[in-house]
Amino acid sequence: MEDVCEGKDFSFPLEEQRVLELWSKLDAFHEQLRRTEGGEEFIFYDGPPFATGLPHYGHILAGTIKDVVTRHQSMRGRHVMRRFGWDCHGLPVEFEIDKLLGITNRQQVLDLGIGKYNETCRGIVTKYVAEWEAVVTRTGRWIDFKADYKTMDINFMESVWWVFGQLWDKDLVYKGFKVMPYSTGCKTALSNFEAGLDYRTVPDPAVMVSFPVIGDADNAALVAWTTTPWTLPSNLALCVNANLVYAKVKDRSNGTVYIVAESRLGQLPVKAKASGKKQAPSKGSNAEAVQGGLDTESYELLAKIPGSSLVGLKYTPLFDFFLELQDTAFRVIADNYVTDDSGTGVVHCAPAFGEDDHRVCLSAGIIEASGLVVAVDDDGHFIEKISQFKGRHVKEADKDIINAVKDKGRLVSKGSIEHSYPYCWRSGTPLIYRAVPSWFIKVEKIRDQLLECNKETYWVPDYVKEKRFHNWLEGARDWAVSRSRFWGTPLPVWISQDGEEIVVMDSIEKLERLSGVKVNDLHRHHVDDITIPSSRGPEFGVLKRVEDVFDCWFESGSMPYAYIHYPFENRELFEKNFPGNFVAEGLDQTRGWFYTLMVLSTALFGKPAFKNLICNGLVLAEDGKKMSKSKQNYPSPMEVIDEYGADALRLYLVNSPVVRAESLRFKRIGVFGVVKDVFLPWYNAYRFLVQNAKRLEVEGLTAFSPIDQASLRKSSNVLDHWIHSATESLVVPYLVKYIDNLTNIYVRFNRKRLKGRTGEEDCKISLSTLYHALVTTCVAMAPFTPFFTEVLYQNLRKASSKSEQSIHFCSFPSTTGERDERVERSVTRMMTIIDLARNIRERHSKALKTPLKEMVVVHPDSEFLEDITGKLKEYVMEEMNVKTVTPCNDPMKYASLRAEPNFSVLGKRLGKDMGKVSNEVKKMTQEQILAFEQSGEISFLGHCLTLDDIKVVRQFKRPVDVSEKEIDAAGDGDVLVILDLRADQSLIEAGVAREVVNRIQKLRKTAQLEPTDLIDVYYESVDNSNTLEEILQSQDQYIRDVLGNSLVPKAAATSDMVVICEESHTVHDMSFVIYIARCMPVLAADLLSYASGNSDHVEALRVYLLSRSISRLKNEFQTGNGKITVRCIEGYPPIDLQLGKHVFLSAGDFYQANRS
């Protein structure tokens, strides 16, 4: 393995760019596909985005989820075809072209020519394809852009025709009128889903209008309330609720008689009172005129009338634009959609501009299905028939219409209301509801099937399936799939002039066969002029295609078939693997793509389109508002990636509530948090492995080669067993926690072993264990963080001869199921005790460098105590810097017990007895509590209480005559940890040694030394005291364990000592200087006699040894079992040198040997 830089110098974005180059060189994505070819297919459907805008965080989130799942499945050996798709038709594209060409109405498109218009649309469809590919690739997603599919491709469009043809054959298609959300800005109807994308709180006029009842004895008028005055010219009926009670009241000021629902009398306008206070104008449902009923000063109650008796009454029309319908129109009808919680209880009906209006008027015979006149054109302007307002945009005409109503004496009140109103998500203009002719899919007919098919699918999170999607399916209505537009897949319906003959084309071959025309493109300008002869004979003329195109949601819902050109190609691939395995998109698609997929697959095959679905929530700006380019309330994705890397962004997104369909407030600092809390600790664990593996070579030992995992399982080290066991349970939700445990438990607690302080063999076992844990972690995390894992893997694989070229070619880690739950539980207990002990230290400001005498662990379970005082004892002592760990299984020795009633459980059950029982529980003695814990139940006042009903609280009982500063404790309700905080001389000395070692470690960093750099450390007392030397000598074993060598007094240094750096310090009032010097071999004093008394020979040996690398010398001594023979000094005979007798490889070794 190669050396690696410090974490602070590791550039995540730069390393990711290098990985992209590696993947390109290996053709890694396609190589992975080649390797899995022939394996089990995993079918993934990628919902097509529009390429008319740039990708945002929502796209990156969904793309990351898709990439994680498909990478994971590929690593499990499945063949996962991943083709990017583009939604090319429909409103987003046409809207861009309309802006580009300055088109404001439908006629301008016809004047330009549909062909020119469509080809212009085609030209901008791929406007941002290059940018999309760059962003998607940079985020690490593997998907095929070269073999992409486009909804405008002829093969895709032909399959869409086939889908419609199948529905036609199944009698699931009809033509009709439907009142739909309509965008006058984009001149097209929208789906209910699209209408819900942009609701705004806006003010609108709110008016009450009178409709005089013909023939009423009191000349009464029904009063209706509306917030859409522009619909009043199209009024054809009034609707009441037959089950409500209505009241006839007389205005005392002018004698006018009104009829409204009794419960809505308070909404009638009230004249100014004598006090002179001006009355607020009526605001419909929000009016505050009179609360709780009739204002008797203003109105006289004449009669109460059942709603049913109003049905059939005729009234005087407001306008005369539809007088030709007076035989059937301008009368009162009834329906339960009229409620008494808003308005007046009387609804004005304009059947062309309200879904309920259309339904009730059709049902009551006010209109006929084929005779509906829509008084507003495609551009939102009144048609010629509405002569008084013709050519005016409906919303702009509101004020003039209100004035016209006032001039007729029919305006009862005028005000305004602030309410939530739908706007066009594309043009930003207010929507209207407008009847449009459309071709429908009979969704209501298959509603029960849809609900059954939904049961066969698995959703994450499941509540979206069970609640939101289920409810949407339950209320599913027939789907209008046609749009009166230009750029889209044309409806394949050819109709004769008399409407009696209809032919639906389900293939290009059928169209060519019936028309005799070669077809190379299916867009309108290529097929609109194609006619087919009538099958009834020439006298019936020819059949022409209807003008409509498909709603683009019909196209995307057809994607599972159309993207592989089914059934014209890939029959076997599709039929063996349908339904698909996996889809993923945002929560908004429950009413969009998920819905259309389900409707079409159910209608075609009686199956869901997918088996598994992940539904993500919305990514919002940091302030909780929608991300907005104009407000610039979020950083651009590429800016974040360039700063922190794509992996950090990926992990931030997929490790958040947004993958559970909740909203995420995007915070840049959150991405940095992933780098700081996940990647850097992970990297440091990896770097620690590499450094210590390299140290073996530097120290002259054999190069690191990982021991096989089977052999490692025989290790006697408890943490080795623990990390092996934890790896067995390595599943996705715990990956990040596993990395945390690997770095903060395994590496932290095993630093001595990993550094070789416990012997070469134990070092290799711990290094190998860490190596395999890191490799396994990288492979398991590869789908989530494909770049970082590749970086680590490319270096780690150099220690193994059998590894793959890329981590993404590796198989996902398989488990043996051999978990050691006892060990895992033991380590969890150890961490609990360490956390509790840390709390005590922090409370008393006792730094970890300060040694403590004793830790007592109190718990009644002997197995628990055995865990802590057995194999884990050494780790607890070292981590908490305590001299002894004492177990105690007698809870009463250090604790007193108190019983508290569980009010949340007992409150409902005990009722009025709760207070009395509560008092009895609080009075329980120590003996009663212990007996209760043993038996599990106790009775008070006839009520039997169990362990769930009473909480036993253990409180620390401090020994007599001992203060809190001397002994203190912490517990979690289960275990109690007690620390003896009193200091003695031995603890003070151990503390000094720790402080000195800490300063040496910091000085090493200041000198920018690598862990593998061999040094000698000298010290010199400044205050002429021997105290420091005595302390350091008494703590020599600890120092050697940590630093790997003894500290040497400066006085014992040789004259040729080479100082690298030095620093002065004061610890416990002892002042001293630390010197870090180059590590050099030292010759024993008696070497002169061994060299026949020849001082020149000794000097030549010294020069020779100083010229050699310490690590190589060490290696030679090891090879020679502690001896080497020096033959290369000219003029002197060969001489055998013994390590530790004639030669020492460091000043520390020499000093230690002389002291011994």
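This is a predicted model: local features need pLDDT of at least 70, side-chain atom pairs count only at pLDDT 80 or more; totals for chains, interfaces and linings use all residues.
Local features require pLDDT of at least 70 and side-chain atom pairs pLDDT 80 or more, while totals for chains, interfaces and linings use all residues. Residues are numbered from 1 along each chain as its sequence is written, and side-chain values use heavy atoms, with hydrogens and water left out.

**Exercise 1. Classify the aromatic pair of Trp 23 and Trp 142, and locate both residues.**

Step 1. Rings of Phe, Tyr and Trp (its six-membered ring) pair if their centres lie within 6.5 Å; planes under 30 degrees apart count as stacked, over 60 as edge-to-face and the rest as tilted. A search of the whole structure with this criterion returns 57 aromatic pairs.

Step 2. For Trp 23 and Trp 142 the centres are 5.2 Å apart and the planes make 80 degrees, and the pair is edge-to-face.

Step 3. Helices (H or I, at least four residues) and strands (E, at least two) are DSSP runs, numbered from the N terminus. Trp 23 belongs to helix H1 (residues 12-26), whereas Trp 142 is in the loop between helix H7 (129-138) and strand S2 (144-150), so the pair ties together parts 119 residues apart in sequence.

Step 4. Buried means under 20% relative accessible area, exposed over 50%, and partly exposed in between (1.4 Å probe, protein chains only). Trp 23 and Trp 142 are both buried.

**Exercise 2. Determine whether the pair of Tyr 174 and Phe 440 is stacked or edge-to-face, and state the accessibility of each residue.**

Step 1. The ring centres of Tyr 174 and Phe 440 are 5.1 Å apart with planes at 15 degrees, so this pair is stacked.

Step 2. Because Tyr 174 lies in strand S3 (residues 173-183) and Phe 440 in strand S14 (residues 431-441), the contact links parts that are 266 residues apart in sequence.

Step 3. Tyr 174 counts as partly exposed because its relative accessibility is 28%. Phe 440, at 3%, is buried.

**Exercise 3. Identify the rings over which the charged ends of Arg 138 and Lys 385 sit.**

Step 1. A charge sits over a ring if NZ of Lys or CZ of Arg is within 6 Å of the ring centre and within 35 degrees of the ring normal.

Step 2. The charged end of Arg 138 sits over the ring of Phe 787, 5.6 Å from its centre. For Lys 385 the ring is that of Phe 322, with a distance of 5.0 Å to the centre.

**Exercise 4. Describe the salt bridges of Asp 521 with Arg 122 and of Asp 356 with Arg 359.**

Step 1. A salt bridge is a side-chain nitrogen of Lys or Arg within 4 Å of a carboxyl oxygen of Asp or Glu. The whole structure holds 75 salt bridges.

Step 2. In the bridge between Asp 521 and Arg 122, the closest N and O atoms are 2.8 Å apart. Asp 521 lies in the loop between helix H14 (508-515) and helix H15 (524-527), and Arg 122 in helix H6 (residues 114-125), so parts 399 residues apart in sequence are tied together. Asp 521 is buried at 15% relative accessibility, whereas Arg 122 is partly exposed at 23%.

Step 3. Asp 356 and Arg 359 form a salt bridge whose closest N and O atoms are 3.1 Å apart. Both residues lie in helix H10 (residues 355-363), 3 residues apart, which is about one turn of the helix. Asp 356 is partly exposed at 31%, and Arg 359 is partly exposed at 39%.

**Exercise 5. Characterise the backbone at His 565, Tyr 566 and Pro 567, and then at Ser 845.**

Step 1. His 565 is not a glycine, yet its phi is positive, about 60 degrees. His 565 is placed in the loop between H17 and H18 and is buried, with 9% relative accessibility.

Step 2. Tyr 566 and Pro 567 are joined by a cis peptide bond with omega of about 5 degrees. Pro 567 lies in the loop between helix H17 (559-562) and H18.

Step 3. Ser 845 has a positive phi near 55 degrees. The residue is in the loop between helix H29 (821-843) and strand S27 (852-858). Ser 845 is exposed, at 68% relative accessible area.
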